Amino acid sequence: MAAPISACPACDAAPLAEEQAGKGYRGNGMEAKRIMLSLPQIYCAACIAGVERGLAKQDGVRSARVNLTLKRAVVDVDQDVEAQTLADYLTGIGFEAYELDPGQLKATATDKHGKDLLMRLGVSGFAMMNVMLLSVAVWSGATDATRDLFHWISAGIAIPTVGFSSQVFFKSAWSALRVRRLNMDVPISLAILLALGMSIYETMHSGKHAYFDAALSLTFFLLAGRYLDYRTRAVARSAAEELAALEVPRALRVVAGQADEQVPVSELEPGQIVRVVPGSRVPVDGIVTGGESELDRSLLTGESLPVAASPDSIVSAGEVNLTGPLTVRVTAAGRDSSLHRMADLVAIAETARNRYTSLADKAAAVYAPVVHILSFAAFLFWVWYSGDWRMSMNIAVATLIITCPCALGLAVPAVTTAASGRLFKQGMLLKSATAMERLAEVDHVVFDKTGTLTEGKPALDALARHKDRDLQVALALAEGSSHPLAQSLTQAARAAGVHPAEVSQVTEVPGKGIEGQWTGKTVRLGRAEWLGANAVGQTATYLSISGAKPVAFTFTDALRPGVEEAITALKAKGMGVTLISGDVPAAVADIAGRVGIEDWQADTLPEDKAEFVARLGKSGRKVLMVGDGLNDTAALAAAHVSISPASALEAARVVSDIVLLGKSMEPLAGAIDMSKSATRRIKENFAISAGYNLIAIPVALLGFATPLAAALAMSTSSVSVSLNALRLKKG
Amino acid sequence: MNVLVYLIPISLLLGALGLAAFFWTLKTEQYDDPDGDGQRILSDRWDDNPPEE
């Protein structure tokens, strides 16, 4: 994020200036603090006004500014205002909001780079237009002194502009040359410098042709491509940073005789004790020393049933504590934890993927040598044929300019910008530059179950089957608890219009359930063992009313919206679809049946998943892996291209190429179509620029090229390439 | 052709004016929230004054 943007610089500048001066806020003498909130759902003018007005009414808020492009709000508040309260308030008035860790958002530096590019682009655009104006006069017949004057003025504009704007290419070309490599920027820099040098020479000798306009429009068009490319990546990066900023990797360290202190996970050492409150993720590997609770291990293993934890249970980083607070003695933190061991598996798979060469690189590898050899050959030929060095040089430079990859430089970024912009609107974030090209090649899709096909949240089964009395009592007990089963029960019962019974003395027994008094009887809602009930074979909670036979409330994992549509669409395209999960066979078979996947595997270890994906890859299939858990990370990395939902563990999101920002899985099939058509457009663009060159190169080699012809070829090819890219927007 | 003596400086000056305007828009961060700026004109709130509530 850049500094706060406000149409009212003065209102913003005052507190900002004081903050920087460290003097505090004059209003109440408190220090200012900046809070960033993520607002994933806002989209309109009314939302902006609603959020800003709502925030401004809160105590301690000094200014609030919404950035709709980033879907973020920057709020300046007093020191004692908590980000969470503001986020809760906004969620309460209907704007979903999450706290962001400002430390993770380093976009300020990258934004500087974007502005720098834009500045160079602007300067070269200005210079190009002015020089073009003068050049048109020359082309339409200015002669002798007038022509020389115009050339000199053009030189006066072009030389500093090239020095400033084209630096981007020179630097990149130089760094490539230093390690004896050729990249696209080498022919570009050479063309710009030779065009400029030759034009200056010609101008000094009152020559007829000067290529100042060509040198500048080359710079301008290529910078435009560069900027588009940068924008696309910056949007992806800032969204990825935002995802990372959503979870703050901290732990509560228990210190004897003092209050618990919040420390970064990286500072923990084996032997120390951490407290894990209900609803939070276990930050380390360790052994439970105190407390009773249940753990959700679905992100690690794919199991959908929670497991009980009591002293001496072993816990791993990434599990979610559900009911009671736990204290855990750290056995491994940071690098040694199971999270990081998983990362080693990933590192091996990653290198395989890095070998993918993008279309642009493939084109550049052919293009750069061909152009250099052609112009050099032209130079040699004309020197041999005519013995005129100056004319030969002119022809060689004209060849270099005319073939210069304006269209080639725009061919890829113009399409990727259009396509990734559209995918972003549908809720797909492309993290990797080549993700789109790889996505287009996919012919087999492998899904994980828990958290990917399902929401990873239990939903109550067959509410109507239960007696009203049971539901009322259960609702009264469940309402006070933060256990996911209790919350889901509350939601379902409330939605069905059930009113809670009057239950008094409701207490939560950590790791077991909830207890209360109802019309003189003890009522309990909780685990089967606690109530002496016979456990049914699926996720369930049980209700007992003083001695009566316990009733089971069963839950199934709700399907993520859009899953059925996505799978039907994938199958219609003739792609293979596989479901692979670490969960028990019954649960996997159930989900597979519901979404219509015939090919499924259960009880798989993370290594099995990765191996399965790798084996498919070796047999020539291009695999798309969709997964969210730690047990999927290795498979995600091994796949040709991978997607993870935004709710996935950070480790999983990091290795995947695409992040699904919304809840729905529906955009999946559309995204594959989209990437296919984008890749087609890129190839068409290469064909277009090659087509122009087929005509232009012979003309240049024969010595018929004029600055006018060069300008025409350059602009028409660049414009037609951009227009072709825009065709994508309309489908 | 003497008119060129005036016209060329004028054209350069106009171009420079455009460039200066572009620098100003860059400096005042007018490209940071293109979507939001497009929507804000529909807001009934004055944008260049603090909300009077």
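Biologist: Start with Pro561(A). Which residues does Pro561(A) touch, not counting residues up to four places away in sequence?
Modeller: Pro561(A) touches Glu455(A), Lys663(A), Ser664(A), Met665(A) and Glu666(A). Contact here means heavy atoms within 4.5 Å.

Biologist: Before we go on, what am I looking at?
Modeller: This is a predicted model, where local features need pLDDT of at least 70, side-chain atom pairs count only at pLDDT 80 or more, and totals for chains, interfaces and linings use all residues. Residues are numbered from 1 along each chain as its sequence is written, chains are lettered from A and ligands numbered from 1 in the order in which they are written, and side-chain values use heavy atoms, with hydrogens and water left out.

Biologist: Fine. Where is the place of Pro561(A) in chain A?
Modeller: In the loop between strand S21 (551-559) and helix H19 (563-572). Helices (H or I, at least four residues) and strands (E, at least two) are DSSP runs, numbered from the N terminus.

Biologist: What separates the C-alpha atoms of Pro561(A) and Glu666(A)?
Modeller: 7.4 Å, with the two residues 105 apart along the chain.

Biologist: And what is the relative accessible area of Pro561(A)?
Modeller: It is 36%, so Pro561(A) is partly exposed. The scale is: buried under 20% relative accessible area, exposed over 50%, partly exposed in between (1.4 Å probe, protein chains only).

Biologist: Next, Glu502(A). Buried or exposed?
Modeller: Exposed, because its relative accessible area is 76%. Glu502(A) sits in the loop between helix H17 (484-495) and strand S17 (504-509) of chain A.

Biologist: What is Glu502(A) in contact with, leaving aside its neighbours within four places in sequence?
Modeller: Gln517(A) and Trp518(A). The C-alpha atoms of Glu502(A) and Trp518(A) are 6.6 Å apart, and the residues are 16 apart along the chain.

Biologist: Now Ser644(A). Buried or exposed?
Modeller: Ser644(A) has 0% relative accessibility, so it counts as buried. Its place is in strand S25 (residues 641-645) of chain A.

Biologist: Which side chain does the side chain of Ser644(A) join in a polar contact?
Modeller: That of Ser656(A), at 2.7 Å. A polar contact is a pair of N or O atoms within 3.5 Å; within protein, one must be able to donate a hydrogen and the other to accept it, and residues adjacent in sequence count only if both atoms are side-chain atoms. Beyond four places in sequence, the contacts of Ser644(A) include Gly627(A), Ala652(A) and Leu660(A).

Biologist: Where does Arg120(A) lie?
Modeller: In helix H4 (residues 107-139) of chain A. Arg120(A) counts as buried because its relative accessibility is 8%. The side chain of Arg120(A) makes a polar contact of 3.4 Å with the side chain of Gln167(A).

Biologist: Switching to the interface. How many residues does the contact take from each chain, A and B?
Modeller: 28 residues from chain B and 34 residues from chain A. The area buried between them is about 2,600 Å², with 63% given by carbon and sulfur atoms. Buried area is the accessible area (1.4 Å probe) that two parts lose on being put together, summed over both.
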